[in-house]
Amino acid sequence: MAYKIVKLGHPVLEQVAEPVQQFDTPELRELVDGMFETMYANKGVGLAAPQVNVSQRVTVIDTSNGEDPDAKVVLINPEITKLEGTQLGEEGCLSIPGFREDVKRAMKATIRARNVKGEEFEITGEELLARAMQHEIDHLNGILFLQHLSALKRDLIRRKIRKLQKAGEWD
Ligand code: NI
């Protein structure tokens, strides 16, 4: 089942999400499957549970846009263990549709996380995968990519979004 994605302005996006305590449950499987479905339907490369109004530390990522089943990544209770180098590249967010900006991220990221069964694993990604993992883990800490921009750019985007909200074009 696909979920509705909540947009900037919804308080869940700015909350620190709760760690998953119970693994290998039908509820967790349904959440992860539904998040993949929602992400693919919206042509995203990553999605965090708070974006579907579930304040839990779960993210899904697929930098192949669904073309490579091996590219599916599920990170539950992820922790960043190593960041190396830097990259500057355009980033967007399904919760902030229509806005893309250059964001500086680490070029290479190593993450320790659990899968749906609760098994711990480590994954290292570079470039887009590293960017996506950093972006999605930010979501679990209530951080949106706007917070990585200059105050000037951030305020400009927030002003534009406020206009859209007033016009009823942002819900
Ligand atoms: Ni996002």
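Arg114 and Glu120 form a salt bridge in which the closest N and O atoms are 3.8 Å apart. The model is a predicted one. Arg114 counts as partly exposed because its relative accessibility is 31%. The structure holds seven salt bridges, and the pair of Arg114 and Glu120 is one of them.

Another of these pairs is Asp24 with Arg29, where the closest N and O atoms lie 2.2 Å apart. Asp24 has a relative accessibility of 43% and therefore counts as partly exposed. Arg29, at 36%, also counts as partly exposed.

The salt bridge between the side chains of Arg105 and Asp138 spans 3.0 Å from N to O. This pair links distant parts of the chain, with Arg105 in strand 5 and Asp138 in helix 2, 33 residues apart. Arg105 counts as buried because its relative accessibility is 5%, and Asp138, at 13%, counts as buried too. Both residues belong to a network of salt bridges that also takes in Glu91 and Arg131. Side chains of opposite charge can pair when their charged atoms come close.

The nickel ion is coordinated by the SG atom of Cys93 and the NE2 atoms of His135 and His139, at 2.0 to 2.2 Å. Along the chain these donors follow the spacing C-x41-H-x3-H. Cys93 lies in the loop between strand 4 (87-91) and strand 5 (101-105), while His135 is in helix 2 (residues 127-140), so the two tie together parts that are 42 residues apart in sequence. Cys93 and His135 are both buried. An α-helix has 3.6 residues a turn, so residues three or four places apart point the same way.

Helix 2 is followed by Gly142, whose phi is positive, near 75°.

Arg57 lies in the loop between strand 1 (46-48) and strand 2 (58-62). Its side chain does make a polar contact of 2.7 Å with the side chain of Asn141. Leaving aside neighbours within four places in sequence, Arg57 is in contact with residues including Val16, Ala17, Glu18, Pro19 and Val20, with Leu75, Ile76, Asn77 and Pro78, and with Leu140 and Asn141.

Tyr3 is found in the segment before helix 1 (26-41). Its relative accessible area is 23%, so Tyr3 is partly exposed. Beyond its neighbours within four places in sequence, Tyr3 is in contact with Glu30, Leu31, Gly34, Met35, Thr38 and Val52. Tyr3 and Ile143 are 140 residues apart in sequence, and their C-alpha atoms are 21 Å apart in space.

Key:
Residues numbered from 1 in each chain as written. Predicted model: local features only at pLDDT ≥ 70, side-chain atom pairs only at ≥ 80, totals over all residues. Heavy atoms only, no water. Donors = N, O, S within 2.8 Å, 3.2 Å for Na, K, Ca; no water. Helix = DSSP H or I, 4+ residues; strand = E, 2+ residues; numbered from the N terminus. Buried < 20%, exposed > 50% of the residue type's maximum accessible area, 1.4 Å probe, protein only. Salt bridge = Lys/Arg side-chain N within 4 Å of Asp/Glu carboxyl O. Polar contact = N/O pair within 3.5 Å; in protein donor to acceptor, adjacent residues only side chain to side chain. Contact = heavy atoms within 4.5 Å.
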